[in-house]
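The sequence and structure come first.

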Amino acid sequence: MNIVWFKRDLRLHDHAALSQAATSGPILPLYILEPDLWQQPDLSHRHYVFLLECLKELEASLNTLGAKLVIKIGDAVEILNQLHQNISFSSLFSHQETWNYWTYQRDQRVLKWAQSKGIIWVEPRQHGVFRRLKDRSQWGWRWYQEMRKPILPLPTTIDFIPHHHCDGLPHSQELGLIEGSCSQHQMGGRSQALKLLDSFLTSRGKDYSKEMSSPVTAFESCSRLSPHFSFGTISIREAFQAAEKHSLDLKNHLHDFSSSSWPSAMRSFLSRLRWHCHFIQKLEDNPKIEFKSIHSAYAHVRPELPDSELFDAWKQGRTGFPMVDACMRALIKTGWINFRMRAMLVSFASYHLWLPWQPTAIYLAQLFIDYEPGIHYCQIQMQSGTTGINALRIYNPIIQSIDQDPKGVFIKAWIPELAHVSEALIHTPWKQPLLMNGYPLPIIDEKTARKKAADSLYSLRKNPEHQSLSAEILNKHVGHRRVSNKSSSPIKK
């Protein structure tokens, strides 16, 4: 008998662990709800809501095959040990998982337990992330090899272990999860993922390359698949092959293919699927990226504790900078904001407000329904200037506002206090304080704060030891590029 342990791979298609287990004997499909995991500061009520929707659909899919998803509540090692005593399984199947540090430590405990019981733990790859990778020199080639492997269909025959006791899923309050204000969150479940992929490839994604940077258009033009990748209702491989097929079909049948915006859109989408695994690979290679600055020179550059007044204003979307606040308020309500605006939110917190990246990372993790630790912490550090290998990206929120929302459509939608302000003043409403309708004045001087942050970090980069360590980091996490000896100016867009 075998256990198939579903983790963040809540689907039946292209599921290597399920496919391999199906050839090895009777299967018990298992999901373990771990209360201690849900006590971690990076998880929140909105993640749990999305999870429940995914589990409900996974269970229904198993039911159509005559199977049942066995849900257990508690510690993974204790539950697996109890199941082993009851059904004496010989193998445990689950995808390799690169998630937060808590799950990393849990998997170490599970491995130790499995070895003590003589149980074989089979962990096939789910994405293009490679365990125990020695260097990154061949990573790109290997990633494409993984993406072009055949998509695994549902096994033709599965012998399920019948009628095993399930625990009832707890209410969010029992897990200590406080219901938030995410009233416009995306729905979970594989059917939702497939609908999004289809609509993106057939219509919504046509102008993806041009429209993904502005929050005015990104909510519609981006694929919106990221939460489904995070919970595994659809695989990266499925999306990759669907996009490649769509590109080929367009090339063969679209008479104006060369002048169409579709080729650029598909290239951008495919590259971002690759970036997805590229960043998770960094966390796989160095799990402490979640806590520690990648480059040690930046470990203490900011205060250990954030300024509570500045931090609260940023969290609440009341900094006095309309685009920053509109993005934060949209994120709070929907659980999603596009990539460029995420970068701006982090840049503003880390540079203009000089907040330490760790608490801002935790807060954003709670808000992002698509929270993926490998991407999240690497991007937070990159946008905070703590990697030592990336140019400083100091976004000017006023320029971003003018560039990405010139008419103030997005700003007015999310900041009703400014709904009556003219286009000429919507990006700088403080120039006419009487029109601000209770909206706060800017909490910092933008130009002064940006210059101070840039001066502080560039002074660190002049140290010869900085460049030496940067070369080591680049080799470990990228592998094929050289460190430039030139310091680039802060990006002001």
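## Basis

This is a predicted model, in which local features need pLDDT of at least 70 and side-chain atom pairs count only at pLDDT 80 or more, while totals for chains, interfaces and linings use all residues. Residues are numbered from 1 along each chain as its sequence is written, and side-chain values use heavy atoms, with hydrogens and water left out.

## Helix 14 and helix 16

Helix 14 (residues 339-352) and helix 16 (residues 373-384) have axes that come within 8 Å and cross at roughly 55°. Helices here are DSSP runs of H or I, at least four residues long, numbered from the N terminus. Axes are lines fitted to C-alpha atoms over the stretch in contact, and angles run from 0 to 180 degrees between N-to-C directions.

Helix 14 contributes Phe339, Ala343, Val346, Ser347, Ser350 and Tyr351 to the contact, and helix 16 contributes Gln379, Ile380, Gln383 and Ser384 (contact means heavy atoms within 4.5 Å). These residues divide into five nonpolar, five polar and no charged. Nonpolar covers Ala, Val, Leu, Ile, Met, Phe, Trp, Tyr, Cys and Pro; charged covers Asp, Glu, Lys and Arg; the others, Gly among them, are polar.

## Helix 13 and helix 15

Helix 13 (residues 322-334) packs against helix 15 at about 50°, with the axes 8 Å apart. That angle makes helix 13 oblique to helix 15. Met328, Leu331 and Ile332 of helix 13 meet Tyr363, Leu364 and Leu367 of helix 15. The contact has six nonpolar, no polar and no charged residues.

Key. Helix = DSSP H or I, 4+ residues; strand = E, 2+ residues; numbered from the N terminus. Parallel < 35°, antiparallel > 145°, perpendicular 65-115°, else oblique.
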